[in-house]
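The following exercises are meant to be worked through with the structure in view. Each task is followed by a solution in steps.

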Amino acid sequence: MEITNVMEYEAIAKQKLPKMVYDYYASGAEDQWTLQENREAFSRILFRPRILIDVSNIDMTTTVLGFKISMPIMIAPTAMQKMAHPDGEYATARAASAAGTIMTLSSWATSSVEEVASTGPGIRFFQLYVYKDRNVVAQLVRRAEKAGFKAIALTVDTPRLGRREDDIKNRFTLPPFLTLKNFEGLNLGKMDKANDSGLASYVAGQIDRSLSWKDVKWLQTITCMPIFVKGVLTAEDARLAVQAGAAGIIVSNHGARQLDYVPATITALEEVVKAAQGRVPVFLDGGVRRGTDVFKALALGASGVFIGRPVLFSLAAEGEAGVRKVLQMLRDEFELTMALSGCTSLKEITRNHIVTPADMHRAVSRL
């Protein structure tokens, strides 16, 4: 069967993966309302395409932190990729590099920062969870910097792990033949079996619940890498992130895996962009499955998007070739959306190219 869109990889992954692994990747928190909403909110945004514009040449390139990338579609951090495929993060790193885009490596990767760096050239960010033991954090940040990583994506929405009921039912734990490679030498690489989710128990034991804005400042004292704050959903926190010296903001609800009934990231995006006032770039992750989604995010002020689950599912289905294909499909769809909307470069994508439910509501209330 010819795979024609990103969503089709999920069904293949579901067939190929053990239930515990598929459920871990696919599920959200509690009622999974936000999980569904992350997708559905995109479907409520409509286009206002412009016509009779010469679209014979389309430029999708952009820069992030001064690094030129081929398109505004990057790879989000997703944990434990070797559960999906033996090549895991190696395959993802090579696919991202081949596509000329950025890969973000999870703290909880099954390949270390050094191993990912060894796959060859590429622009890579490192996603960071802050552990109670700050020496562990400092050591990890130094290793990422030494391995040539260019930025830190500090995850700020996980003082505790969200309630993921599939993981509790499955007694989720990392398969015995894998470890959290970045923590292997620190006796933190293994995950014990628990009466509920092994990951939830691991987080409760290791992750610092006292994390606050002052820790963003502390991180700046131990690294030269710019810091992105990942997990912002409100204007208030966007302003605080800018004040704290963040180099960028990632509007994220953790793939709907933390607090259920938060808005879809595409719904929260515009509020955050307005609050940032252009002082730092704002990115989006969550629910992106089509090139049309990428265009909508950019029209609402995002500087780019990150994709997570499509990478995991395509990795499970076809390894590195699958990840390459997902990036290519999204790129092709995004280019087509630009052409059919009358845009030849990213800067031409404007708020006037879309209409949101809020716009429609305002239009009705003016009648």
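**Exercise 1.** At what angle do helix H4 (residues 88-98) and helix H13 (residues 309-341) pack, and how far apart are their axes?

*Solution.* The model is predicted: local features need pLDDT of at least 70, side-chain atom pairs count only at pLDDT 80 or more, and totals for chains, interfaces and linings use all residues. Residues are numbered from 1 along each chain as its sequence is written, and side-chain values use heavy atoms, with hydrogens and water left out.

Step 1. H4 and H13 pack at an angle of about 15°, and their axes lie 8 Å apart.

Step 2. Angles under 35 degrees count as roughly parallel; H4 and H13 are therefore roughly parallel to each other.

Step 3. The crossing of H4 and H13 is left-handed, a term used if the near helix is turned anticlockwise from the far one by less than a right angle.

**Exercise 2.** Determine how far helix H2 (residues 19-26) is covered.

*Solution.* Step 1. Buried means under 20% relative accessible area, with a 1.4 Å probe and protein chains only.

Step 1. In H2, 6 of the 8 residues are buried, so the helix is mostly covered.

Step 2. These buried residues are Val-21, Tyr-22, Asp-23, Tyr-24, Tyr-25 and Ala-26.

**Exercise 3.** Which residues line the largest cavity?

*Solution.* Step 1. A cavity is a set of grid points where a 1.4 Å probe fits but cannot get out. There is 1 cavity of 30 Å³ or more, and the largest cavity has about 40 Å³ of space.

Step 1. The lining consists of Pro-77, Thr-104, Phe-125, Ala-153, Phe-228, Lys-230, Ile-250, Asp-285 and Phe-306.

Step 2. Ala-153 belongs to strand S7 (residues 151-155). Ala-153 counts as buried because its relative accessibility is 3%.

Technical notes. Buried < 20%, exposed > 50% of the residue type's maximum accessible area, 1.4 Å probe, protein only. Helix = DSSP H or I, 4+ residues; strand = E, 2+ residues; numbered from the N terminus. 1 Å grid on protein atoms, 1.4 Å probe; cavity = no way out; pocket = protein on both sides within 12 Å on 5 of 7 lines; lining within 4 Å. Points joined across faces, edges and corners; volume = space filled by probe spheres on them. Axes fitted to C-alpha atoms, helices over the stretch in contact; angles between N-to-C directions. Parallel < 35°, antiparallel > 145°, perpendicular 65-115°, else oblique.
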